[in-house]
Amino acid sequence: DPMGMSKGNLDELKLKEIKNGRLAMVAVFGVYMQSAVTGEGPVANWVAHISDPWSANVGTNAVALPYINPEAFGSGFWAAAAPTWYPGM
């Protein structure tokens with residue numbers, strides 16, 4: 001602080017700034033991964049979600065939640081895992 005304008009502990013402020021920078025790097029990495037996975041930019045994904053939030057979210061994204069084949073673990077596994085009132089089993 002060459003002008004002496006900081007108030008408080010300078011070492012604490014430096015540490016907070018470093019942590020803030022690291023969090024920003026993680027956020028930018030998330031933006032890059034979103035673009036790589038969906039093939040669209042973050043603004044296009046946000047607009048799609050705002051226009052239809054029930055159809056454009058993480059639960060409907062096939063890459064974020066991949067489809068699990070019901071026969072992947074055998075029918076006995078799914079029959080034991082499903083509640084008794086579920087009509088699909």
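Me: What should I know about the model and its numbering before I start?
Reply: Residues are numbered from 1 along each chain as its sequence is written. The model is predicted, so local features need pLDDT of at least 70 and side-chain atom pairs pLDDT 80 or more, while totals for chains, interfaces and linings use all residues, and side-chain values use heavy atoms, leaving out hydrogens and water.

Me: How many salt bridges does the structure hold?
Reply: Start with the general idea: side chains of opposite charge can pair when their charged atoms come close. Here a salt bridge means a side-chain nitrogen of Lys or Arg within 4 Å of a carboxyl oxygen of Asp or Glu. The structure holds one. Lys16 pairs with Glu12, with 3.4 Å between the closest N and O atoms.

Me: Where do Lys16 and Glu12 lie?
Reply: Both belong to helix H1 (residues 10-38), four residues apart, or about one turn of the helix. Helices are DSSP runs (H or I, at least four residues), numbered from the N terminus.

Me: Is Asn45 buried or exposed?
Reply: Buried means under 20% relative accessible area, exposed over 50%, and partly exposed in between (1.4 Å probe, protein chains only). Asn45, in helix H2 (residues 42-51), is buried because its relative accessible area is 15%.

Me: And how do Tyr32 and Glu12 compare with those cut-offs?
Reply: Tyr32, found in helix H1, is exposed because its relative accessible area is 56%. Glu12 counts as partly exposed because its relative accessibility is 41%.

Definitions and conventions
Helices (H or I, at least four residues) and strands (E, at least two) are DSSP runs, numbered from the N terminus.
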